[in-house]
Amino acid sequence: MFGVLLAAIGTFFEEVSTSLGKVEMARKTESPFTFGFIQLFWGSVILLGVTLVHPASFVFSAASLPTFLSRVVVEIIQAHVTVVAISVASRSTFGFTRILT
């Protein structure tokens, strides 16, 4: 039950931030690059905070480096496509597409 609650809260904040970002991009007060950076920045800060508080939760092996590097490239492409989709698509279309992925 607690997991469902956390997922609901996370989805709520994600939808709010996406909607606000779309409005700001439409008003031309925020560029798509700024929007994408802000979207990814806070998630990275939270994960870094968890690692600093509980270092045993972060395990990295040198054997996973090839997979990690390829994933970094794919994540950058995915982040770019997501920001472009948010700025171009209507909210209902983007929500449906995100559910499919």
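View 1. Residues are numbered from 1 along each chain as its sequence is written, and side-chain values use heavy atoms, without hydrogens or water. The axes of helix 2 (residues 32–53) and helix 3 come within 10 Å.

**View 2. Residues of helix 2 meet residues of helix 3 (contact: heavy atoms within 4.5 Å).** Helix 2 brings Pro 32, Phe 35, Gly 36 and Leu 40. Helix 3 brings Ala 79, Val 83 and Ile 86.

**View 3. Aromatic rings pair up if their centres lie within 6.5 Å.** Planes under 30 degrees apart are stacked, over 60 edge-to-face, and the rest tilted. The count is 4 aromatic pairs. Phe 60 and Phe 68 have ring centres 5.7 Å apart and planes at 80°, so they are edge-to-face. Phe 37, Phe 41 and Trp 42 form one aromatic cluster.

**View 4. Confidence is lowest in helix 4 and highest in helix 3.** pLDDT is the predictor's confidence in each residue, from 0 to 100. Helix 4 (residues 91–100) has a mean of 61, and helix 3 (residues 65–88) has 88. The protein chain averages 82. Where pLDDT is low, the predicted coordinates should not be read in detail.

Note on methods:
Predicted model: local features only at pLDDT ≥ 70, side-chain atom pairs only at ≥ 80, totals over all residues. Phe/Tyr/Trp six-rings, centres within 6.5 Å; stacked < 30°, edge-to-face > 60°. Helix = DSSP H or I, 4+ residues; strand = E, 2+ residues; numbered from the N terminus. Axes fitted to C-alpha atoms, helices over the stretch in contact; angles between N-to-C directions.
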